[in-house]
Amino acid sequence: MDTVRTWRGRFAHGELPALADRKRSGRPARFTPAQVAEAKALACQLPAETGVPLSEDQTRQTRQRTAEALAELGITLAR
């Protein structure tokens, strides 16, 4: 009930524009939505397709190696 009351009040005071997301506190996003999509696409591909080497036990990609591959492809900046 409280949630409905809040949204109805926002709409009553500002109509549709008042229902848009408000600015949120916290650290700003480090990556654009396009960078996030490209990183997810890379992470979902088989290592043989991307050339990103596997971990030492040869079962998975490590976060560090994936991050390095993203930097090499120009998707993100090198750390």
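## The two sides of helix H4

The face of helix H4 turned away from its buried side carries Gln 64 and Glu 72, which are exposed; here exposed stands for over 50% relative accessible area, buried for under 20%, and partly exposed for what lies in between, with a 1.4 Å probe and protein chains only. Helices, like strands, are DSSP runs numbered from the N terminus, where a helix is a run of H or I of at least four residues and a strand a run of E of at least two. The buried residues of H4 are Thr 66, Ala 69 and Leu 70. Seen down the axis of H4, these buried residues fall within an arc of 100°, so they line one face of the helix; the arc is taken from the directions that run from the helix axis to the C-beta atoms.

The buried residues of H4 pack against helix H2, which spans 33-44. Just after H4, Gly 74 takes a positive phi of about 80°.

## The model and the whole chain

This is a predicted model, in which local features need pLDDT of at least 70 and side-chain atom pairs count only at pLDDT 80 or more, while totals for chains, interfaces and linings use all residues. Residues are numbered from 1 along each chain as its sequence is written, and side-chain values use heavy atoms, with hydrogens and water left out.

The protein chain has four helices and zero strands, and, read along the sequence, its pattern is α-α-α-α. Of the 79 residues in the protein chain, 13% are buried. The accessible surface of the chain comes to about 7,100 Å², and 55% of that surface belongs to carbon and sulfur atoms; such areas come from the Shrake-Rupley method with a 1.4 Å probe, and for residues only the protein chains shown count as cover. A contact means heavy atoms within 4.5 Å, and among the contacts between residues at least 6 apart in sequence, 26% join residues at least 24 apart.

Thr 76 has its place in the segment after helix H4, which covers residues 63-72. Thr 76 counts as buried because its relative accessible area is 12%. When residues up to four places away in sequence are not counted, Thr 76 touches Phe 31, Gln 35, Ala 67, Leu 70 and Ala 71. With one of these, Gln 35, the separation along the sequence is 41 residues, whereas the C-alpha to C-alpha separation in space is 7.1 Å.

The structure holds one salt bridge, a term for a side-chain nitrogen of Lys or Arg within 4 Å of a carboxyl oxygen of Asp or Glu. In this salt bridge the side chains of Arg 5 and Asp 2 meet at 2.9 Å, N to O. Both residues lie in helix H1 (residues 2-14), three residues apart, which is about one turn of the helix. Arg 5 counts as exposed because its relative accessibility is 53%, and Asp 2 is likewise exposed, with a relative accessible area of 56%.

Arg 10 is also found in helix H1, but Arg 10 counts as buried, because its relative accessibility is 14%. Arg 10 lies over the face of Trp 7, at 4.5 Å from the ring centre; a charge sits over a ring if NZ of Lys or CZ of Arg is within 6 Å of the ring centre and within 35 degrees of the ring normal.

## Glu 15 in the loop

Leaving aside neighbours within four places in sequence, Arg 10 is in contact with Glu 15, Ala 18, Leu 19, Ala 20 and Arg 22. Glu 15 is found in the loop between H1 and H2, and Glu 15 is exposed, with a relative accessible area of 54%. Although Glu 15 is not a glycine, its phi is positive, at about 55°. Most residues other than glycine have a negative phi.
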